[in-house]
Amino acid sequence: MKPEINIFPADFNISEFDTHFNAFHELMSKKVQEILVVSSPYDAYIMEEDGSLASKIINEYRGLNLSRPPRVTRVASGEEALTTLERKQFDLVITMPNLAEDDFDTFGLSTEIKKRRPNLPIILLTNSVKDLSPDTGANSCPFIDNTFIWTGDSDLFLALVKSVEDRLNVDRDTKKSMVRVLILVEDSPLYRSFFLPLIYKEVVRQTQAVLEESLNEEHRLLKMRARPKILIAENYEKAMDLFNIYRPYVFGVISDTRFPRNCTMTDDAGFMLLSEIKKEIPHLPLLLLSSESKNREKAEHLPADFLDKNSPHLQQELRDFFLNCLGFGDFIFRMPDGKEIARASNLKGLEEILPDIPDEPLCYQAQRNRFSNWIMARSEITLATRMSEISVSDFPDVEQMRRYIIGSIHALRKWRQKGVVAQFIPDDFDPEVSDFVKIGNGSLGGKARGLSFMANLLQQTPEFHKKFSEINIIIPKTLIITTDGFESFITQNRLQHLADGESTNAEVMKHFLDADMPEWLQKKLKAFLAQVTYPLSVRSSSLWEDLQFHPYAGLYKTYMIPNNHSDFSKRLHHLVTAVKLVYASTYFEEPRKFSSSVSHQFQKDSMAVMIQQAAGKEYGSYFYPAISGIAQSRNFYPFAYMQPEEGVVRIVLGMGKAISEGQALRFSPQHPNFLPQFSKVSDILSNSQRFFHALKIKNYPDTLNIQTDSNLEKREVAEAATEFPVKALSSTYFPEEDRIRDTGHGPGPKVLTFAQILKYDIFPLPQVLSDLLDLGRKGMGCPVEFEFSADLRSDEKHRGNFFILQIKPMAAGDEYFDVQISDDDIHRAFCYSTQSLGHGQIEEIADIVYVKPDRFDPSATVQIASEISRLNAVLLKAKRPYVLVGFGRWGSDDRWLGIPVKWSDISGAKVMIELRNEKLKADPSQGSHFFQKITSLGIHYLTITEGTKDFFNWEWIGALPVNRETNFVCHVKLKKPFVLKNDGRKSQCVMFES
């Protein structure tokens, strides 16, 4: 059993684990991108006999999966080199000694180059040791930064470039990100040319090997920048200088045995150097090199590892040093007698075995800084740095230290996955920390793309989490089947004809359910399901879904499955069935028609699938969230002092399906206490939510009701009165007082008012949503819409979880197409208002019901309401939506301030207009009496004050033929539908004949 993960230092902050690798972006800022090679044609031929120098460098970079290989420019003389340097910027000069007799020698050329470019690195590359004789001056030139010998090994070019880059970046990268340093001490250019490529290639390969497979390729390339720097010293003094300068970052020293000390060649200089370093850092990995095997005894005396330069297994022995001593291999725990008791190849494995490691080997590794080195080898800079700053003595006992290490690793693994879409690899998958994984290499689809963007945005905004530290803000754990899964399914089962056919939804569904899931995909889903047992939401994420200018929102399906059946094969069948049904919805009639209407025939839609952990908690036989909702950046029904840009929210108890049924409570996140639909007790009783949806997770049939109702059950709020969400979100009605009190505890009928959230802040929902809408709008560059859920807890320190289920541009819905009202539209209009609620364009209404202006009498408003009710019944039966025009407030309780209709009297109206004039100057109601209906049904509500620039053209409507007429009311029908444009951003609406 794992120990509890709750032991952290007081200043421990997991947000330091920057998943988006900002620290890595800033590493290796100085790159060698342009190389000037100065060589005679013969030397160039020798180097390039099996391929050009540029090709060799490119191939080395590609072979090691490194980015941006440098470009090479070759010149044949010193004069040409100096001329080229004047014309172009270079990062490195590689010069060879055998230039023309009348040209510069090595000393002269390097001197001239340094005069012009003092900081430009110069490397001397020779074909043999004799080129370094004192006669050439090449070996003693102070302007040569380093000397190497070309032996035909193209790996040397990679080592030269990386060596220069390390020297240029080491100061900044060590101080900024604690990048580690490996020191190589070797005075011989020949051995240096042999060892340096070996070491670099091993460092690069081992660093790549230990980078977690759960990271995506971009992040793997970035994290390569944190590989250890390799610094070269040719003598004792230079080596000690490097060690002293970079002492906090040195994680290993590889040293020759014989090299200069105090300007004199010293046989045991390497032994002396390592002895001195050993005194400073007792457990630092050290490797002594020598061509004389007798020096092995000196190495054992230190102790240090030993490598015989003449060994036939030199490369393997060097690799063993990297794996066993520098932290690139498995983390191995041994008992004092050397017996291995456990090993881990990655962080996940280390976290799993640590609880069972005995105290003695655990302390042994901690005292030698092995945890820090091993974690740093995996480029986990922040955690490795923290580990290096603590010691065993900092903890009261071994168990506390163990819990600290486990907690730190767990926090890192969890945090670094946030905002990262990694490949689903069954052996590496950990459902506890893997938040966003994918199967396949195709597109994520619009919905998943938006959600991964939001995860990324939240990861880059740690202050958001700090502000709301009492709740968890979560993107549900998500597995995405990318679009190549859909395409493989369609191709394998030959279902392409359904995209353009005339099949009904039922026929399409049958074809898809009868089809076989591709074996590779079925295998991956099986592996995923074997590790997760929580309820799942299987959602569409089509290629065009949720894009700002391709509004396919709402055309596809979502299915819920309990995922807890005792028979695994049943669970797998439920999941595969749900995926097939989401696939089938791609070819349903509505998406096919919509694709045709927006002319996307040039590219067919494709479908990715999001398999999400369902948001909610278990209550008896059911699973549901306390709150589900939708939040939008723009409020097209701003009431009273609300502003459109402050946004709007709709919430319900349970699953979000009740929102589409018109049961949601609507509020402004900036003004959560202002609820016009709850202005009176009678309004609260009639407008509050009475039913909610939940997923049944116990005693359900083997054949789920997935196809007909997404497997959700509709429950009465009263039925769940004893369940915590209902008690927490309800108020109680006292009929004897005709009063509602804001508590759900105690006897009496429960009314779902969400008062504890909106008035008493038991959960900071309005504040979270307001900040999220602002964050999303800035991130996407346009108004956005969130879909969310929340769980509640009674713990004041942890109030619950907030789940972000979806984010999309508000333009990604039919009703939010951009609306533009031109001067010509206003000139042609028969109605114009600058006080409108709602948004969108309508071209389907041809009926207008209006109160006759010449007959209107405030004392007759009750009779007028009755006449409107009769006309409404006729139009409802004929399924003809209409515009309703009248004086004063619609639904007013005071008959002298407007027409006292009930909603059933006007339920067929799609547009409502209230007029103010000399006869009746009541303040605008803005639809407050029917606010719940108007907002949930998307009815356009206009206020027109006659005598201002707003108008309704009575002369025009009076000239139309009357279809039906009563004493006070008239119904006219146009020959064809008129155009309504309502710009909710400006509260401006116009209607004109088409």
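## Salt bridges

E86, E112, K115 and R116 are tied together in a network of salt bridges, a salt bridge being a side-chain nitrogen of Lys or Arg within 4 Å of a carboxyl oxygen of Asp or Glu. Across the structure there are 39 salt bridges. Before going on, some ground rules: this is a predicted model, where local features need pLDDT of at least 70 and side-chain atom pairs count only at pLDDT 80 or more, while totals for chains, interfaces and linings use all residues. Residues are numbered from 1 along each chain as its sequence is written, and side-chain values use heavy atoms, with hydrogens and water left out.

R402 bridges to E399, with 3.2 Å between the closest N and O atoms. Both sit in helix α17 (residues 398-417), three residues apart, so about one helical turn separates them. (Helices are DSSP runs of H or I with at least four residues, strands are runs of E with at least two, and both are numbered from the N terminus.) R402 is buried at a relative accessible area of 4%, whereas E399 is partly exposed at 38%. Here buried means under 20% relative accessible area, exposed means over 50%, and partly exposed is in between, using a 1.4 Å probe and protein chains only.

K778 and D774 make a salt bridge at 3.1 Å, N to O. They are four residues apart in helix α30 (residues 765-780), so about one helical turn lies between them. K778 is exposed, with a relative accessible area of 59%, and D774 is partly exposed at 32%. Then there is R739 with E737, whose side chains meet at 3.9 Å, N to O. R739 is partly exposed at 45%, and E737 is also partly exposed, at 38%.

Most residues other than glycine have a negative phi, and most peptide bonds are trans. Where does a cis peptide bond turn up? It joins L302 and P303, with omega at about -5°. P303 belongs to the loop between α11 (296-301) and β12 (305-308).

R494 has a phi of about 55° and lies in the loop between α20 (483-493) and α21 (505-514). R494 is exposed, at 69% relative accessibility. D761 also has a phi of about 55°, and its place is the loop between α29 (755-758) and α30. D761 is partly exposed, with a relative accessible area of 34%.

## Nonpolar cores

A nonpolar core here is a set of buried Ala, Val, Leu, Ile, Met, Phe, Trp, Tyr and Cys residues joined through side-chain atoms within 4.5 Å. The largest one has 61 residues, and F333, L350, L354 and F371 are the members that touch the most others. Which helix gives the most to this core? That is α17, with seven residues. Apart from this core lies another, of 60 residues, including A448, F692, A728 and L772.

What does L350 touch, leaving aside its neighbours within four places in sequence? L350 is in contact with F331, F333, A344, F371, W374 and I409, where contact means heavy atoms within 4.5 Å.

## Strand β33 and its partners

Strand β33 (residues 800-809) is mostly covered, with ten of its ten residues buried. Two strands count as paired if DSSP finds at least two bridges between them. Strand β17 (residues 471-474) runs parallel to β33, joined by four bridges. Strand β32 (residues 784-792) pairs with β33 in the antiparallel sense, over nine bridges.

F803 in β33 is a handy place to look at both pairings. I474 stands opposite F803, and S789 has F803 as its bridge partner.

## The loop at S40

S40 lies in the loop between β1 (34-38) and α2 (41-48). Is S40 buried or exposed? At 11% relative accessibility, S40 counts as buried. Leaving aside neighbours within four places in sequence, S40 is in contact with R74, A76, N98 and L99.
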